[in-house]
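I opened the model and kept a running log. The entries follow the order in which I looked things up.

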Amino acid sequence: MVLNLSEEELQLFLEETEEQIQTLESGFLQLEKGGADAGVMGAVFRAAHTVKGSSAAVGHQQMTALTHAMENVLDRMRKGEIGPSRQVMDALFRGLDALRLLKAALVDGRDSALDLTVILDELRRAAAGEPASGAAAGGAGGAGALPGLSAEILKRLQAGAGEDLVPLQVDVALAADSIMPSVRAYQIYLALSEHGEIVASQPTLDEIEAEKVGARPTLYLLTNAPRETLRSTIAAVTDVVGVEIRRVDLKQPAPAAQPNLAVVGPGQ
């Protein structure tokens, strides 16, 4: 996307946007833990509002639409009309991840290929208090099992999770034209293993070694590392174009078996 900005103006916009992203990240983590007060709610609402205004001023329509949708959710939360349910927080964190991707494209001087259709719909549903699209009944916030999550993996996550270990699903998007997706998937696996215990992955390590790797690796992780640390670690791997990190709801109904997702055993 080409914005009508000087180099100095673009740098100022990027710095301000990053500052607001950090505010959103910190506030969302507090909301997720149930510890946010009126001050935190006000800060995250103002952060989304600020990015909406500044992106509109420079003509970044995607960023404006995204932060406007996030602002709507946060406005209803601060008014007490909706709470920080799993569906709401997942939608906000996805919005934050998308915002980072839009900013990264500007830093790289390239157009973003990000399609916001699904994310905007999730945020709209969250703001309206509607069930997530395609979600099964049950679980926190009405959300069903996460895609690819098997009963075996859920059980392992439940057994390992504790006060200091958070269960996360990490979805990574690789560039469609990557010539070494198996190498990239292995690098991602090794990078994440330094920040926690990988309970399962898709593709499995055997599949990675056999070069049976698609463009969207998924890993299930028990960790106490901040999401930003995980995100930056993965983003440092060549050919990574997107990262989505979601906390696994351990109270959701047990999903069906997924034979192509292997649980990682001791020593693997």
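I started at arginine 227, which sits in helix 9 (residues 227-235). Helices here are DSSP runs of H or I with at least four residues, strands are E runs of at least two, and both are numbered from the N terminus. I noted the ground rules: this is a predicted model, local features need pLDDT of at least 70, side-chain atom pairs count only at pLDDT 80 or more, and totals for chains, interfaces and linings use all residues. Residues are numbered from 1 along each chain as its sequence is written, and side-chain values use heavy atoms, with hydrogens and water left out.

Is arginine 227 buried or exposed? I found arginine 227 buried, because its relative accessible area is 5%. The cut-offs are under 20% for buried, over 50% for exposed and in between for partly exposed, with a 1.4 Å probe and protein chains only.

I then looked for the partner of this side chain. The arginine 227 side chain reaches the backbone oxygen of isoleucine 245 at 2.9 Å. A polar contact is a pair of N or O atoms within 3.5 Å; within protein, one must be able to donate a hydrogen and the other to accept it, and residues adjacent in sequence count only if both atoms are side-chain atoms.

I listed the contacts (heavy atoms within 4.5 Å) of arginine 227, leaving aside neighbours within four places in sequence. They are Glu25, Leu29, Glu32, Phe93, Leu168, Ile245, Arg246 and Arg247.

**Pockets**

Next I searched for open space. A pocket is an open set of points on a 1 Å grid over the protein atoms alone, where a 1.4 Å probe fits, with protein on both sides within 12 Å along at least five of seven lines; lining residues have an atom within 4 Å of a point. Points are joined across faces, edges and corners, and a volume is the space filled by probe spheres set on them.

The largest pocket has a volume of about 720 Å³. Its lining has 28 residues, and Leu101, Leu114, Ala173, Arg216 and Glu244 are the closest to the centre. Helix 4 (86-108), helix 5 (117-128), strand 1 (166-174) and strand 4 (240-247) each give two or more residues to this lining. I sorted the lining of the largest pocket into 13 nonpolar, 5 polar and 10 charged residues. In this sorting Ala, Val, Leu, Ile, Met, Phe, Trp, Tyr, Cys and Pro are nonpolar, Asp, Glu, Lys and Arg are charged, and the others, Gly among them, are polar.

The second largest pocket has a volume of about 450 Å³. It is lined by 23 residues, with Glu32, Lys33, Val166, Leu168 and Arg247 nearest its centre. Helix 1 and strand 1 each supply at least two of its lining residues. Strand 1 gives the most, with 3 residues. The lining of the second largest pocket divides into 11 nonpolar, 3 polar and 9 charged residues.

**Helix 2**

I checked the length of helix 2 (residues 38-58). Its 21 residues should span 30 Å at 1.5 Å a residue, and the end C-alpha atoms are 30 Å apart, so the two agree. The expected span is 1.5 Å times one less than the number of residues.

Aspartate 37 caps the N-terminal end of helix 2, with a side-chain oxygen 3.0 Å from the backbone nitrogen of glycine 39. Glycine 59 follows helix 2 and has a positive phi, near 85°.

What do the buried residues of helix 2 pack against? They pack against helix 1, helix 3 (61-78) and helix 4. Among the buried residues are Val40, Val44, Phe45, Ala48 and Val51.

I found a cis peptide bond between glutamine 202 and proline 203, with omega about 10°. Proline 203 lies in the loop between strand 2 (196-202) and helix 8 (205-209).

Glutamate 211 has phi near 60°, positive in a residue other than glycine. Its place is the loop between helix 8 and strand 3 (218-223). Glutamate 211 counts as exposed because its relative accessibility is 61%.

Aspartate 239 has a positive phi too, near 80°. It lies in the loop between helix 9 and strand 4. At 22% relative accessibility, aspartate 239 counts as partly exposed.
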